[in-house]
Amino acid sequence: MELTAEVVVAGAGPAGLMLANELALAGVDVRVLERMHERTGLSKALNLQPRTAEILDLRGLLTRAEQRSFATVPEGHFAAIPVSYEGWNTRHPYQLGIPQAQIEQLLEERLAEQGVKVSRGDELTTFTQDADGVTITTPTTRIRAAYLVGCDGGRSTVRKTLNLPFEGIEGQGHGVAADVLFKSPPPGAPTEWRSMGNMVTSQSPGKFIGVIPLHQKNLYRLTFGDRLTRPQNLRAEVTRQEVEAAVQERFGKEAEIAEIRWASRFSDDSRLAASYKVGRVLLAGDAAHTHFPAGGQGLNLGVQDAMNLGWKLAATLKNHAHPGLLDTYEQERRKVAEEVLQNIAAQNALIPTTPNQLALRSLFRALTQLPEVQHHLSGLVSGLNIKYPTHETHPAAGTRLPDFNLKQARASTLFHKGKFVLLTTTPTPPPHPEVVVAEAPELPWPDLTRVLVRPDGYVASTSGSTEGWLT
Ligand SMILES: Cc1cc2nc3c(=O)[nH]c(=O)nc-3n(C[C@H](O)[C@H](O)[C@H](O)COP(=O)(O)OP(=O)(O)OC[C@H]3O[C@@H](n4cnc5c(N)ncnc54)[C@H](O)[C@@H]3O)c2cc1C
């Protein structure tokens with residue numbers, strides 16, 4: 001069977017589903033291939049960071065996430081040291097506790113509402129590309145598309161088929177994530193997720209163990225491991241003895257396990273694809289970057305990749321993108337991933353393996369009490385600190401638009417259709433069909449009278465000009 005599509009997205013994880021939603025919103029004919037017949041229901045990630053909450057809000061999706069969330073945590077953590085989100089100009093200075101499976105489900109539901117059904121049990125096996133498009137092969141189908149986006153996770157077939165180097169920091173350690181049902185709450189464990197204080201506590205050198213209470217009584221996410229050792233086979237099944245040993249070390253012998261719902265291993269390697277775009281094939285999410293899950297950033301990074309790429313790819317396909325717009329996806333998002341990999345490396349180094357490192361961690365912890373340090377670290381893990389490169393000199397250029405009140409609505413609601421928004425203090429006609437104009441008595445930057453904001457909520461131009469963005 002031979003099919004056609006404008007874009008094929010390989011992988012229906014959080015990145016692929018977010019991207020497909022963005023493309024469908026812009027009227028792009030998108031096809032999503034997913035290897036698995038059914039969603040597993042297992043959740044690696046458990047959180048939405050503030051910036052991800054903001055971007056879901058830009059699309060009217062945050063309420064759905066809130067309805068499915070089981071916790072609101074007013075802080076993040078950096079190397080298991082809680083960092084407050086206070087002081088950031090955001091309506092969402094918290095992590096929303098929501099299992100990854102729920103995030104995927106709500107994105108897939110929204111996609112279905114937009115008329116796109118994920119093609120399940122449909123694995124991309126290979127592809128070829130030429131100047132005009134990409135031919136994608138699955139066991140049952142061939143699809144001809146203008147673009148292919150690999151959102152197919154850390155072991156990405158798309159990335160491997162492109163022969164792209166995937167290099168970074170080779171770790172020595174490993175971790176285990178397990179959802180454990182206890183017979184009664186483990187001694188000293190919190191019963192609700194309200195803080196990151198219990199997330200990871202280092203015990204013997206190089207070891208860590210974190211505990212998060214989940215949505216069901218006595219159900220906890222345990223994350224434990226060792227920076228210094230790694231089993232030969234990271235895919236080997238996690239044994240009950242391993243989990244019991246970690247539980248006993250953390251809570252003592254009284255903590256009794258009723259059931260281990262799910263357990264899996266992960267490495268502390270960090271890797272970044274050498275490029276995010278080769279011809280007509282792009283990468284997003286874990287296919288482009290993988291790392292140790294310190295600070296709860298991976299899913300968030302992938303969803304934000306998708307938000308950055310969606311409108312650029314749509315504008316390119318609809319012929320209103322400025323030449324080179326699509327290339328800014330890699331320029332902007334690869335840099336953000338590089339910075340995340342850096343902060344993960346620093347967090348790993350702060351899990352002490354020697355007395356000297358223990359002293360360094362203790363000093364670092366004391367420094368985090370300084371408000372400027374809290375702000376800096378929470379900016380890193382929350383995604384709120386992102387500023388994309390721009391030629392403009394005004395400090396607003398390239399930063400996120402904070403959600404502020406207009407006469408009738410919040411600014412975020414103007415972005416539900418995924419268009420550019422021109423915010424202006426004086427009546428102005430739309431400079432381009434892709435731009436929505438909204439009047440505001442005052443902008444968040446009082447010295448500005450016009451500001452053009454990109455569909456992903458970042459300031460494109462502080463003069464309101466569409467030059468360099470739209471044609
Ligand atoms: C233990 C652990 C805890 C974590 N905790 C957090 C956290 O708290 N916060 C956070 O932000 N992140 C966390 N992460 C990271 C987060 O889970 C990932 O970053 C996220 O799943 C990446 O999403 P993705 O869509 O890029 O890839 P994936 O979720 O891996 O999705 C890829 C999809 O592609 C499909 N696929 C693969 N190959 C093909 C193919 N050839 N054809 C078609 N389909 C294919 C797969 O079946 C899968 O559904 C954690 C990770 C781990 C391991």
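The model is predicted: local features need pLDDT of at least 70, side-chain atom pairs count only at pLDDT 80 or more, and totals for chains, interfaces and linings use all residues. Residues are numbered from 1 along each chain as its sequence is written, and side-chain values use heavy atoms, with hydrogens and water left out.

**The ligand site**

Which residues are closest to the ligand? They are Glu34, Asn47, Gln100, Asp286 and Leu299. In total, 31 residues surround the ligand, where near means that a heavy atom of the residue lies within 4 Å. By class, this shell has 13 nonpolar, 11 polar and 7 charged residues. Here Ala, Val, Leu, Ile, Met, Phe, Trp, Tyr, Cys and Pro count as nonpolar, Asp, Glu, Lys and Arg as charged, and the others, Gly among them, as polar.

Three elements each supply at least two shell residues: α1 (14-25), β2 (30-34) and α7 (298-317). Of these, α7 gives the most, with 3 residues. Helices (H or I, at least four residues) and strands (E, at least two) are DSSP runs, numbered from the N terminus.

| Residue | Distance to a ligand oxygen |
|---|---|
| Pro14 | 3.2 Å |
| Gly298 | 3.2 Å |
| Leu299 | 2.9 Å |

Taken alone, the ligand exposes 990 Å², and the protein buries 89% of that. Such areas come from the Shrake-Rupley method with a 1.4 Å probe.

**The second largest pocket**

On a 1 Å grid over the protein atoms alone, a pocket is an open set of points with protein on both sides within 12 Å along at least five of seven lines, a cavity is a set where a 1.4 Å probe fits but cannot get out, and lining residues have an atom within 4 Å of a point.

The second largest pocket holds about 350 Å³ of space. It has 18 lining residues, and Pro389, Thr390, His391, Ala460 and Trp469 are the closest to its centre. By class, the lining has 6 nonpolar, 8 polar and 4 charged residues.

Where does this pocket lie? It lies between domain 1 (2-167 + 271-343) and domain 3 (392-471), because both give residues to its lining.

**The cavities**

The structure holds 3 cavities of 30 Å³ or more. The largest cavity has a volume of about 100 Å³. Its lining includes Arg51, His92, Asp403 and Phe415. Domain 1 and domain 3 each give at least three residues to this lining.

Note on methods:
Polar contact = N/O pair within 3.5 Å; in protein donor to acceptor, adjacent residues only side chain to side chain. Points joined across faces, edges and corners; volume = space filled by probe spheres on them. Domains from an automatic or database assignment.
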